[in-house]
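Dear colleague,

Please find below the structure that I am handing over to you. The findings follow directly after it, and I should be grateful if you would read them with the model open.

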Amino acid sequence: MPHVRRLDSISAPELDGLCEVLIDCVEGGASVNFMWPMTRAKAERYWRGVAESLARGERALVVAEDERGGILGTAQAVWASPENQPHRADISKMLVHRSARRHGVGALVLAAAERAAFDAGRTLLVLDTASPEAERLYERGGWQRVGSVPKYALMPDGPFCSTVFFYKDLAAR
């Protein structure tokens, strides 16, 4: 069973694992803000930015690890920055390595990101996805589908993709 934990910073081994998961997801066709070719340099730049944001207290980062400490998946809760939205967070970069899918890793990191957001006083969460598999996961997790926006982003190999938006009201529990 994977172990889930929250990171307060990103060590060198964690950076390696996070880069590997991000690269694997993009190479597998996930629309998560990156285009092909997905390089190690792009992945490192992204995760170093996340580390800086963690240090500023702007987000929570959770990882699921195997018994050897290898990162299988990750998710973030990013605190909304507008002054009038102190109750909101975006769930971002929910990524699961292709070799770890269909083993509950996505549900584990999603629940951990939700808990981190709730613990930080965030009660309204939003996210978007271009993945039908992720849509099913979110719906099973009690997320409410808002709607789909056509041509919202590009797939890593270039064509347009629609994006589906979801929200979850943690205060309604």
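A term is needed before the first finding: a pocket is an open set of grid points with protein on both sides within 12 Å along at least five of seven lines, and its lining residues have an atom within 4 Å of a point. Please bear in mind throughout that this is a predicted model.

**The largest pocket**

The lining of the largest pocket comprises 44 residues. Nearest to the centre of this pocket lie Met94, Thr129, Ser131, Ala134 and Tyr138. Its volume comes to about 1,200 Å³. Six elements each contribute at least two lining residues, namely β4 (88-96), α3 (105-119), β5 (124-129), α4 (132-140), β6 (144-154) and β7 (160-169). Sorted by class, the lining holds 25 nonpolar, eleven polar and eight charged residues.

Arg88 belongs to strand β4. Is Arg88 buried or exposed? Its relative accessibility is 16%, and because buried means under 20%, Arg88 counts as buried. The side chain of Arg88 forms a polar contact of 2.6 Å with the side chain of Asp90. Beyond residues up to four places away in sequence, Arg88 touches Trp79, Ala80, Arg122, Leu124 and Val126.

Helix α3 has 15 residues, which at 1.5 Å a residue should span 21 Å. The C-alpha atoms at its ends are 21 Å apart, in agreement with that expectation. The buried residues of α3 are Val105, Gly106, Val109, Leu110, Ala112, Ala113, Glu114, Ala116 and Ala117. Just after this helix, Gly121 adopts a positive phi of about 85°.

The same check was made on helix α1: its 16 residues should span 22 Å at 1.5 Å a residue, and the distance between its end C-alpha atoms, 22 Å, agrees. The buried residues of α1 are Glu14, Leu15, Gly17, Leu18, Cys19, Val21, Leu22, Ile23, Asp24, Cys25 and Val26. Among the elements that cover them are β1, α2, β2 (59-65), β3 (71-79) and β4. Following α1 comes Gly29, with a positive phi near 100°.

Within α1, Ile23 has a relative accessibility of 15% and so counts as buried. Leaving out neighbours within four places in sequence, Ile23 is in contact with Met38, Thr39, Arg40 and Ala43. Ile23 and Gly106 are separated by 83 residues in sequence and by 17 Å in space, C-alpha to C-alpha.

Leu7 lies in strand β1 (residues 3-7). With a relative accessible area of 2%, Leu7 is buried. Apart from its neighbours within four places in sequence, Leu7 is in contact with Glu14, Leu18, Leu54, Leu61 and Val63. Between Leu7 and Glu27 there are 20 residues of sequence separation and 25 Å in space, C-alpha to C-alpha.

Ser53, in helix α2, is likewise buried, its relative accessible area being 2%. Setting aside neighbours within four places in sequence, Ser53 is in contact with Glu58 and Arg59. Ser53 and Val96 are 43 residues apart in sequence and 21 Å apart in space, C-alpha to C-alpha.

**Backbone features to inspect**

Most residues other than glycine have a negative phi, and most peptide bonds are trans.

- Trp36 and Pro37 are joined by a cis peptide bond, with omega at about -5°. Pro37 is situated in the loop between α1 (12-27) and α2 (40-55).
- Arg102, a residue other than glycine, has a positive phi near 70°. Arg102 sits in the loop between β4 and α3, and at 76% relative accessibility it counts as exposed.
- Lys151 is not a glycine either, yet its phi is positive, about 55°. Lys151 lies in strand β6 and, at 59% relative accessibility, counts as exposed.

With kind regards

Conventions:
Residues numbered from 1 in each chain as written. Predicted model: local features only at pLDDT ≥ 70, side-chain atom pairs only at ≥ 80, totals over all residues. Heavy atoms only, no water. 1 Å grid on protein atoms, 1.4 Å probe; cavity = no way out; pocket = protein on both sides within 12 Å on 5 of 7 lines; lining within 4 Å. Points joined across faces, edges and corners; volume = space filled by probe spheres on them. Helix = DSSP H or I, 4+ residues; strand = E, 2+ residues; numbered from the N terminus. Nonpolar A, V, L, I, M, F, W, Y, C, P; charged D, E, K, R; others polar. Buried < 20%, exposed > 50% of the residue type's maximum accessible area, 1.4 Å probe, protein only. Contact = heavy atoms within 4.5 Å. Polar contact = N/O pair within 3.5 Å; in protein donor to acceptor, adjacent residues only side chain to side chain. Expected span 1.5 Å × (residues − 1).
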